[in-house]
Amino acid sequence: MRTLAVYQLKGGVGKTTTVVNLAALAAREGIPVLVWDMDPQAAASWILGAEAKRKQDGFWNEHKPLSDYIQHTAIPKLDVLSADASLRKFHQRVDSKKDAKQRVSQALSALGESYGLVIIDCPPMMTPQMEGVLKACDRILLPVEPSLLSIRAYQQIKEDFDWAKPKQWLPFVTMIDRRKAGHVAWVKKELKAYPEFMKTYIAYSASAERMLTLRKPIVEEQPAVPLARNYMALWKALKPSLNLK
Ligand SMILES: Nc1ncnc2c1ncn2[C@@H]1O[C@H](COP(=O)(O)OP(=O)(O)O)[C@@H](O)[C@H]1O
Ligand SMILES: [Mg+2]
């Protein structure tokens, strides 16, 4: 089982959109996938049609097994651990970075080999507890929009989380709008300084909003639209770094 966190300090950069689409693509290839929604906003849970009542607070508060909270989704091979607003308190239930790392690692190993891939949708936070969660993950996928703030957030994360090996970080560009001169210039100038970025981009697309009303990943609902194709390319580029069995 491999674990991928989708994380950024900046909110609204497309983390959740990325989580649900990559999860659907992996599941379609026959890889059993668990989406672990750790964001109290619970957008991934919503899009995947999870019922809010099966929330994971018993895991954090009462040390109940994580498996008690897993739900199947309408997509074969894709399960979800749904979140809700109660998750905002998980930081109070976990004492430290070390504790968070241990809780997540133990919970995942208790699931055995039921899943080939676990994707964690992270909240945009930089607490010790969140850091502990990231430490339990094999790879950290980092969406970065073409903005100074987003790239600064990326730099800050890498500086502060200096325990991570370079290969653990998988930064990529999201929400790029080629009609905007500023975006094109950003790629030409700013991005040059970051050769470690993945070469596949996710373009700005109105289809992303549609997912919230459709309550389905765009790769499932409208696989031919550019946003779905972008995610297919990202998944293809990402797969070798995940060392999936
Ligand atoms: N590639 C994209 N193009 C345009 N809008 C997007 C794109 N990806 C996400 N969005 C929209 O931006 C908002 C934030 O996306 P979301 O995936 O929820 O980000 P995060 O999880 O980082 O907060 C949502 O309204 C979403 O529909
Ligand atoms: Mg989100």
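Visitor: How does Ala-43 count, buried, partly exposed or exposed, given its C-beta neighbours inside 10 Å?
Guide: A residue is buried if 20 or more other C-beta atoms lie within 10 Å of its own, exposed if 12 or fewer, and partly exposed in between, with C-beta atoms placed from the backbone. Because Ala-43 has 18 C-beta neighbours inside 10 Å, this residue counts as partly exposed.

Visitor: What pLDDT do local features need in this model?
Guide: Residues are numbered from 1 along each chain as its sequence is written, while chains are lettered from A and ligands numbered from 1 in the order in which they are written. This is a predicted model, in which totals for chains, interfaces and linings use all residues, side-chain atom pairs count only at pLDDT 80 or more, and local features need a pLDDT of at least 70.

Visitor: What separation lies between the C-alpha atoms of Ala-43 and Thr-16?
Guide: Ala-43 belongs to helix α2, residues 43–47, where helices (H or I, at least four residues) and strands (E, at least two) are DSSP runs numbered from the N terminus. Along the chain, Ala-43 and Thr-16 are 27 residues apart, and their C-alpha atoms are separated by 6.7 Å.

Visitor: Which element supplies the largest share of the shell around ligand 1?
Guide: The shell holds 16 residues, the closest being Gly-14, Lys-15, Thr-16, Thr-17 and Ala-208, where near means that the C-beta atom, placed from the backbone, lies within 6 Å of the molecule or strand. At least two residues of this shell come from each of α1, β7 (169–176) and α9 (207–214). The largest share, 3 residues, comes from α1.

Visitor: How many charged residues does the shell around ligand 1 have?
Guide: In this classing Ala, Val, Leu, Ile, Met, Phe, Trp, Tyr, Cys and Pro count as nonpolar, Asp, Glu, Lys and Arg as charged, and the others, Gly among them, as polar. The shell around ligand 1 then divides into 7 nonpolar and 7 polar residues, while the number of charged residues is 2.

Visitor: How are α1 and α11 oriented to each other, roughly parallel or roughly perpendicular?
Guide: Helix α1 (residues 15–28) and helix α11 (residues 226–242) pack at about 65 degrees with axes 10 Å apart, the axes being lines fitted to C-alpha atoms, for helices over the stretch in contact, and angles running from 0 to 180 degrees between N-to-C directions. Angles under 35 degrees count as roughly parallel, over 145 as roughly antiparallel, 65 to 115 as roughly perpendicular and the rest as oblique. The two helices α1 and α11 are therefore roughly perpendicular.

Visitor: How many nonpolar residues are in the contact of α1 with α11?
Guide: Asn-21, Leu-22 and Leu-25 of α1 meet Tyr-231, Met-232 and Trp-235 of α11, with two residues in contact if their C-beta atoms, placed from the backbone, lie within 7 Å. In this contact of α1 with α11 there are no charged residues and 1 polar residue, and the number of nonpolar residues is 5.

Visitor: What is the hand of the crossing in which α5 passes α6, left-handed or right-handed?
Guide: The axes of helix α5 (residues 97–110) and α6 come within 7 Å and cross at roughly 40 degrees, so α5 and α6 are oblique to each other. A crossing is left-handed if the near helix is turned anticlockwise from the far one by less than a right angle, and right-handed if clockwise. The crossing of α5 and α6 is right-handed.

Visitor: How many residues of helix α6 are buried?
Guide: Helix α6 spans residues 128–135 and is mostly covered. Its buried residues are Gln-129, Met-130, Glu-131, Gly-132, Val-133, Leu-134 and Lys-135. Of the 8 residues of α6, the buried number is 7.

Visitor: What value is phi of Ala-42 near?
Guide: Ala-42 is placed in the loop between β2 (33–37) and α2, and is buried because 21 other C-beta atoms lie within 10 Å. Most residues other than glycine have a negative phi. Ala-42 has a positive phi, near 60 degrees.

Visitor: How far apart in space are Arg-179 and Asp-39, C-alpha to C-alpha?
Guide: Arg-179 sits in the loop between β7 and α8 (181–188) and counts as exposed, because it has 7 C-beta neighbours inside 10 Å. In sequence Arg-179 and Asp-39 are 140 residues apart, and in space, C-alpha to C-alpha, they are apart by 32 Å.
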